[in-house]
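This report walks through one protein chain, from its overall build to selected local details. Keep the sequence and the 3D view at hand while reading.

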Amino acid sequence: MSSYDRRDLGLLVLRLGAGGVLAAHGAQKLFGWFGGGGIEGTGKFMESVGYRPGRTNATMAGLAEAGGGTLLALGLATPAAGAAATGAMAGAAAVHTPNGFFNAGGGYEYAATLGLAATGLAITGPGRLSLDHALGHVFDRGWMVPAALAATAAGTAVVVGMRNKRLREEREGEQVALFEDEFSR
């Protein structure tokens, strides 16, 4: 029987902390728990920030956060779980980027921190105190890390890119009077 080392304990604490926060964050979107808006409220918010259709985006973000966070906390399918959570946090960071870095000003600090923690866990692995380890790493193979992160990066780039294009088109479509004429006074 092998003993667990500091690395295993550290990864367990990181997985439980980041995974738990992500799972709770996703539960706000999916179920309205912890003061969240549920699918309806989150869907309306998603629409307002350019993610359309809002309900579909709310569901996908909620599943990525709640599912990815739960799996990270358990240490199960760690590459896919970390990648899913990373993608959701990249989408959130895109919304908050215009507000700068720090969360106090509405910036992307919180989303970036959770996304980086999820990415780090996907790359590093869950440690020996995990379901992946107990199951012989059948859902945590080396090739799964780049595959999961690449697939998530591609999907996130498409979703965020479509949002940014939509917002740009809406801004460009706004009519601004260049000159005032005598009749508009």
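Helices here are DSSP runs of H or I with at least four residues, strands are E runs of at least two, and both are numbered from the N terminus.

## Overall build

The model is predicted. Its secondary structure comes to 7 helices and 0 strands. Along the sequence the pattern reads α-α-α-α-α-α-α. The C-alpha trace spans about 90 × 35 × 30 Å along its principal axes.

The protein has 185 residues, and 39% of them are buried. Its accessible surface is about 10,600 Å². Carbon and sulfur atoms account for 66% of that surface. Contacts between residues at least 6 apart in sequence can also be sorted by separation: 66% of them join residues at least 24 apart.

## Helix H1 against helix H2

How do the axes of H1 and H2 cross? Helix H1 covers residues 6-31 and helix H2 covers residues 38-48. Their axes come within 5 Å and cross at roughly 95°. Angles of 65 to 115 degrees count as roughly perpendicular, so H1 is roughly perpendicular to H2. On the H1 side, the contact is made by Gln28, Lys29, Leu30 and Phe31. On the H2 side, Gly38, Ile39, Thr42 and Met46 take part. By class, this contact has 4 nonpolar, 3 polar and 1 charged residues.

Phenylalanine 34 sits in the loop between H1 and H2. Its phi is near 55°, a positive value in a residue other than glycine. Is this side chain's residue, phenylalanine 34, buried or exposed? Its relative accessibility is 59%, so phenylalanine 34 counts as exposed.

Which residues of H2 are buried? They are Gly38, Ile39, Thr42, Gly43 and Met46. Seen down the axis of H2, these buried residues fall within an arc of 140°, so they line one face of the helix.

## From H2 to H3

Two backbone features follow H2. Just after this helix, glycine 50 takes a positive phi of about 100°. Proline 53 lies in the loop between H2 and H3. The peptide bond from arginine 52 to proline 53 is cis, with omega near 0°.

## The H4–H5 loop

Glycine 106 is found in the loop between helix H4 (78-96) and helix H5 (109-124). At 22% relative accessibility, glycine 106 counts as partly exposed. The cut-off for buried is under 20%.

Which residues does glycine 106 contact, leaving aside its neighbours within four places in sequence? They are His96 and Asn99. Glycine 106 and histidine 96 are 10 residues apart along the chain, and their C-alpha atoms are separated by 6.2 Å.

## The H6–H7 loop

Histidine 137 is found in the loop between helix H6 (131-134) and H7. Its phi is near 60°, a positive value in a residue other than glycine. The relative accessible area of histidine 137 is 23%, so this residue is partly exposed.

At 17% relative accessibility, threonine 156 counts as buried. Leaving aside its neighbours within four places in sequence, threonine 156 is in contact with Gly87, Ala90, Gly91 and Gly161.

Asparagine 164 also lies in helix H7. Its relative accessibility is 31%, so asparagine 164 counts as partly exposed.

Notes: Residues numbered from 1 in each chain as written. Predicted model: local features only at pLDDT ≥ 70, side-chain atom pairs only at ≥ 80, totals over all residues. Heavy atoms only, no water. Axes fitted to C-alpha atoms, helices over the stretch in contact; angles between N-to-C directions. Parallel < 35°, antiparallel > 145°, perpendicular 65-115°, else oblique. Contact = heavy atoms within 4.5 Å. Nonpolar A, V, L, I, M, F, W, Y, C, P; charged D, E, K, R; others polar. Buried < 20%, exposed > 50% of the residue type's maximum accessible area, 1.4 Å probe, protein only. Arc of directions from axis to C-beta. Areas by Shrake-Rupley, 256 points an atom, 1.4 Å probe, with all protein chains shown as cover.
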